[in-house]
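Please read the following report alongside the sequence and the coordinates.

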Amino acid sequence: MSDLTDLLPHTGSLIRRAQQRHAAQWTRLVSSTITSVQFAALAVLADTPGASQRELGDALEIDRSTVADLAARLERHGLVAREQDEADRRRYVLRLTPVGRAELARLRPLADAVEQAMTGALTPSEVTALRRLLHALLTA
């Protein structure tokens, strides 16, 4: 019998399988309650405090309804404060709470462990090439 790579050689299949492995590693090494997307949102907000929900969605490349749900979940967990913008009452701005900053600091080395688990078998130049190729796929 052929191995799975012979049966399903398509890029999409390989990306899906890599994503499944990433999700499993994330759950094992980081958290079963904070997702990698939530972690990314915390990292974006640490870098851009007071970002709007739309700006966060643009940074994460997720749609409006998804970012609204994401912001609500982070707020429920006490990680983010969501406030109406003083200048534009239709706009919500997001800021990490002290709990959110502490959680991000706790999660960073664990996220690095996932990165090592995913790419540890590759050389540094292979990791660079992989990232470059994935970026090329995403921007094409």
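Is the crossing of α3 and α6 left-handed or right-handed? The crossing of these two helices, α3 and α6, is left-handed, in a model that is predicted.

## Helix α3 against α6

Helix α6 comprises residues 98-119, and α3 packs with this helix at an angle of about 120 degrees, their axes being 11 Å apart. Since angles of 65 to 115 degrees count as roughly perpendicular and those over 145 as roughly antiparallel, α3 is therefore oblique to α6.

On the α3 side the contact is made by F39, L42, A43 and A46, and on the α6 side by L104, L107, R108 and A111. Divided by class, this contact of α3 with α6 has 7 nonpolar residues, no polar residues and 1 charged residue.

## Helix α3 against α4

The axes of α3, which spans residues 36-47, and of α4, which spans residues 53-60, come within 10 Å and cross at roughly 120 degrees, which means that α3 is oblique to α4. The crossing in which α3 passes α4 is right-handed.

Helix α3 contributes V37, A40, A41, V44 and L45 to this contact, while α4 contributes L56, A59 and L60. The contact of α3 with α4 has 8 nonpolar residues, with no polar and no charged residues.

## Helix α3 against α5

Between α3 and α5 the packing angle is about 80 degrees, and the axes are 11 Å apart; α3 is therefore roughly perpendicular to α5. The residues that make the contact are V37, Q38, A41 and L42 of α3, together with L70, R73 and L74 of α5. By class, the contact of α3 with α5 divides into 5 nonpolar residues, 1 polar residue and 1 charged residue.

Taken together, the contact lists place V37 and A41 of α3 against α4 and also against α5, whereas L42 of α3 takes part in the contact with α5 and in the contact with α6.

## The aromatic pair

The structure holds 1 aromatic pair. The ring centres of W26 and F39 lie 5.6 Å apart and the ring planes stand at 55 degrees, so the pair is classed as tilted; planes would have to be over 60 degrees apart to count as edge-to-face. Because W26 belongs to helix α2, residues 11-29, and F39 to helix α3, the pair ties together parts that are 13 residues apart in sequence.

Are the two partners, W26 and F39, buried or exposed? W26 has a relative accessibility of 6% and so counts as buried, and F39, with a relative accessible area of 14%, is buried as well. F39 is also among the α3 residues that make the contact with α6.

## Two individual residues

S52 lies in strand β1, which covers residues 51-52. Its relative accessibility is 6%, so S52 counts as buried. When neighbours within four places in sequence are left aside, S52 is in contact with R91, Y92, V93 and L94.

E61 is placed in the loop between α4 and α5, the latter helix running over 64-76. The phi angle of E61 is near 60 degrees, which is a positive value in a residue other than glycine. Is E61 buried or exposed? With a relative accessibility of 70%, E61 counts as exposed, whereas S52 counts as buried.

Methods
Residues numbered from 1 in each chain as written. Predicted model: local features only at pLDDT ≥ 70, side-chain atom pairs only at ≥ 80, totals over all residues. Heavy atoms only, no water. Axes fitted to C-alpha atoms, helices over the stretch in contact; angles between N-to-C directions. Helix = DSSP H or I, 4+ residues; strand = E, 2+ residues; numbered from the N terminus. Parallel < 35°, antiparallel > 145°, perpendicular 65-115°, else oblique. Left-handed = near helix turned anticlockwise from the far one by under 90°. Contact = heavy atoms within 4.5 Å. Nonpolar A, V, L, I, M, F, W, Y, C, P; charged D, E, K, R; others polar. Buried < 20%, exposed > 50% of the residue type's maximum accessible area, 1.4 Å probe, protein only. Phe/Tyr/Trp six-rings, centres within 6.5 Å; stacked < 30°, edge-to-face > 60°.
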